[in-house]
Amino acid sequence: MKNDKMKNQYRVNEQIRVREVRIVGDNGSTVMPIRQALDMARDQGVDLVEISPNANPPVCRIIDYSKFLYQQKKRQKEMKAKQVKVEVKEIRFGPQTDEHDYQFKLKHAREFLEEGNKVRAYVFFRGRSILFKEQGEVLLLRFANDLEDCGKVESMPSLEGKKMFLYLAPKKAGVAKKSQQARDREASESEATRQQQQKQDDAAVMPSNGGLLANAKISADALKKLTETEE
């Protein structure tokens, strides 16, 4: 059924009813009368296949129709294989989620985003807990901020019935923006490393300078004694 649908997608040979067509191939393209194009295809023992009917004039190829369909099917399979399936993962909170539960869900959300999935986080307000909707909004904003290195906000927290939703999408690889906390930590570690290296360099240089100064003093004393002896 699928192959029949693809076959009916293109007009072939006598089905192409126009005055002229543009023939494309490895050597470029040429506009010619439809009758001449059909004769060329017949002489080569292949088909005239219309690949772009809306062009002016329509674009055709001179090729074996079965081979053409095989190439199209192969191309579609390759394009489908390259498509990344993005799933939407849900993270549920309560308006008074404790810290341990929050960190646990934060870890899972980070994994989802790093795998290329979207995250839909929401706070569910049960009964009178809807009175704490501001608390739920603060929680979701904190959640988004803690994930800013790997996720970007698609929509800010919004209340829909008894649920407040926040949507996050993964950042593209190589352009993830680091959080201010991560940048500060890296800067602190870099400065500590620099200071440690400086201490090591100073420790290595000081004995060497001390030795040079000592040798210079000894040489000066020896030269003075030698001068006095000669006098």
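Biologist: Before we start, what should I know about the numbers?

Modeller: This is a predicted model, in which local features need pLDDT of at least 70 and side-chain atom pairs count only at pLDDT 80 or more, while totals for chains, interfaces and linings use all residues. Residues are numbered from 1 along each chain as its sequence is written, and side-chain values use heavy atoms, with hydrogens and water left out.

Biologist: How many helices and strands are there in the protein chain?

Modeller: The protein chain has six helices and eight strands. Those labels come from DSSP runs, numbered from the N terminus: H or I over at least four residues makes a helix, and E over at least two makes a strand. Along the sequence the pattern reads α-β-β-α-β-β-α-β-α-β-α-β-β-α.

Biologist: Why is Thr97 called buried?

Modeller: Buried means under 20% relative accessible area, exposed means over 50%, and partly exposed is in between, with a 1.4 Å probe and protein chains only. Thr97 has a relative accessible area of 19%, so it is buried. You'll find Thr97 in the loop between E5 and H4. Across the protein chain's 231 residues, 25% are buried.

Biologist: What does the side chain of Thr97 reach?

Modeller: The side chain of Thr97 reaches the backbone oxygen of Gly94 at 2.8 Å.

Biologist: And what makes the link between the side chains of Gln72 and Arg75 a polar contact?

Modeller: A polar contact is a pair of N or O atoms within 3.5 Å; within protein, one must be able to donate a hydrogen and the other to accept it, and residues adjacent in sequence count only if both atoms are side-chain atoms. The side chains of Gln72 and Arg75 are joined at 2.5 Å, and that is a polar contact. Gln72 itself sits in helix H3, residues 65-82, and its relative accessibility is 16%, so Gln72 counts as buried.

Biologist: Is Glu115 buried or exposed?

Modeller: Glu115 has 58% relative accessibility, so it counts as exposed. It lies in the loop between H4 and E6. Glu115 and Val86 are 29 residues apart in sequence, with 9.2 Å between their C-alpha atoms.

Biologist: Why does Val18 get the label partly exposed?

Modeller: The relative accessible area of Val18 is 25%, so the label is partly exposed. Val18 belongs to the loop between H1 and E1. From Val18 to Pro53 there are 35 residues in sequence and 9.9 Å in space, C-alpha to C-alpha.

Biologist: How do you know that the peptide bond from Asn56 to Pro57 is cis?

Modeller: Its omega is near 0°. Pro57 lies in the loop between strand E3 (47-52) and E4.

Biologist: What makes E5 and E6 a pair?

Modeller: Two strands pair if DSSP finds at least two bridges between them. Strand E5 (residues 88-93) and strand E6 (residues 118-124) have six bridges, in the parallel sense. In this pairing Ile91 stands opposite Ala121 in E6. The chain goes from E5 to E6 through helix H4 (residues 99-114), and this β-α-β crossover is right-handed; that means that, with the strands pointing away from the viewer, the path from the first strand over the helix to the second runs clockwise.

Biologist: Which way does E6 run with strand E8?

Modeller: E6 and strand E8 (residues 163-170) run antiparallel, joined by six bridges. Ala121 stands opposite Leu166 in E8.
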